[in-house]
Amino acid sequence: MSEVVHTPRVFSGIQPSGNLTLGNYLGALKRFAQAQDNGISSIYCMVDLHAITVWQDPAKLANATRELCAGFIASGLDPARSILFNQSQVPEHTQMAWVFNCVARMGWMQRMTQFKDKAGKNAQNASLGLFAYPALMAADILTYHATHVPVGEDQKQHIELTRDIAIKFNNDYGVDFFPVTAPVIEGAATRVMSLRDGSKKMSKSDPSDMSRINLTDDADTIAKKIRKAKTDPEPLPEDIDGLEARPEARNLVNIYAALSDQSVAQVMAEMGGKPFSEFKPLLADLAVDKIAPISTEMSRLMQDPAEIDRILANGAERARAIAAPILKETYKIVGMVGA
Ligand code: TYM
């Protein structure tokens, strides 16, 4: 069988579960905007069906989906050049997910660390959807034959599972149909840590609001959170090696590097040896400079929810035009009559 060459296509998704964080911005949104500006065909999805794997208040979910869309646009995603849409408007995702539920093995899913973290001690009480979550994620990606998926470090295992599903499907049916997608996990901020605890990921679900910077925070709040960020008493080390075993310092330097589009080595050349009393105000100014305009633009866009709904509906239509023929071909391969 001839090897199919898949044209480069970027796909990624974010859950509309409230409170977009600096982690989402640096690990995902900012890099999505860069991919778009490099001219690569890009599809970005607000994964509302993933969000309901844990309880979501319906009115809040709808608002969070619109706010997430505003966050994409305020971060530089242009709905004319990239496709922006919410998952539930393109039914091909769930149709493909069923096929993948039948390809993925129980043992693969049981190894997913995110399921273990989210299900907690009482896994018997977790939703079936939370367990099947990574198969829907594989469907998101493969229904577009996406070749590249920019994500933060925490999604790596899910992309590996997506690859396993593609490989098993291709083998089982003797085809070379799905691409083996590459995760794109690059830059200084693929794992932004909590501002209160350098061993924990910055997360929208952390009970402490001081642990994260939200894209909706105003300038004063951003500056205050950075001023109060946990650090050790030593000044910054002279070089990168000195950051090892100093997770809080490392995190703030990583954030500085990602926000200023520099490498960690470049930041250390400039900041090495400075006490936090000097470094933190510089970081706070930089963060306010980069994040506050996003927050302002998000609020402006949120004043016209009907326009956001139009953008999502238009994106869904364009997404569907790509997804529908790939699902149809999948059904044909599997042996579904009428496909
Ligand atoms: P989600 O909604 O938790 O996060 C969205 C994106 O933000 C990244 N991210 C971070 N990056 C660096 N540091 C952090 N502290 C941080 N926190 C979050 C995540 O890695 C992610 O890239 N399962 C996905 C959503 C999804 C998806 C997909 C992604 C569904 N289908 C298909 C890619 C392709 C999730 O829950 O991301």
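1. Basis. The model is predicted; local features need pLDDT of at least 70 and side-chain atom pairs count only at pLDDT 80 or more, while totals for chains, interfaces and linings use all residues. Residues are numbered from 1 along each chain as its sequence is written, and side-chain values use heavy atoms, with hydrogens and water left out.

2. Domains. Domain 1 spans 9-190 + 304-334 and domain 2 spans 209-299, with bounds from an automatic or database domain assignment. Their C-alpha centres are 29 Å apart.

3. Interface area. Domain 1 and domain 2 bury about 1,400 Å² between them, and 71% of this lies on carbon and sulfur atoms. Buried area here is the accessible area (1.4 Å probe) that two parts lose on being put together, summed over both. On the domain 1 side, L22, A74 and A188 supply 37% of the area buried against domain 2, more than any other three residues. Contact (heavy atoms within 4.5 Å) involves 16 residues of domain 1 and 16 residues of domain 2.

4. Polar links across the interface. Four residue pairs are in polar contact between the domains, both residues at pLDDT 80 or more. A polar contact is a pair of N or O atoms within 3.5 Å; within protein, one must be able to donate a hydrogen and the other to accept it, and residues adjacent in sequence count only if both atoms are side-chain atoms. On the side of domain 1 that touches domain 2, α1 (22-37) and α3 (58-74) are the elements that give two or more residues. The largest share, six residues, comes from α1.

5. Ligand site. There are 27 residues around the ligand (a heavy atom within 4 Å); Q15, Y133, D140, D154 and V192 come nearest. A backbone N or O atom of G152 is 2.8 Å from a ligand oxygen atom. The side chain of Q155 places an N or O atom 3.0 Å from a ligand nitrogen atom, and that of K204 places one 3.4 Å from a ligand oxygen atom.

6. Salt bridges. The whole structure holds 16 salt bridges, each a side-chain nitrogen of Lys or Arg within 4 Å of a carboxyl oxygen of Asp or Glu. One salt bridge is found across the domain interface. The side chains of K30 and D261 form a salt bridge at 2.5 Å, N to O. K168 pairs with D172, with the closest N and O atoms 3.1 Å apart. Both K168 and D172 lie in helix α8 (residues 156-173), four residues apart, about one turn of the helix. Helices are DSSP runs (H or I, at least four residues), numbered from the N terminus.
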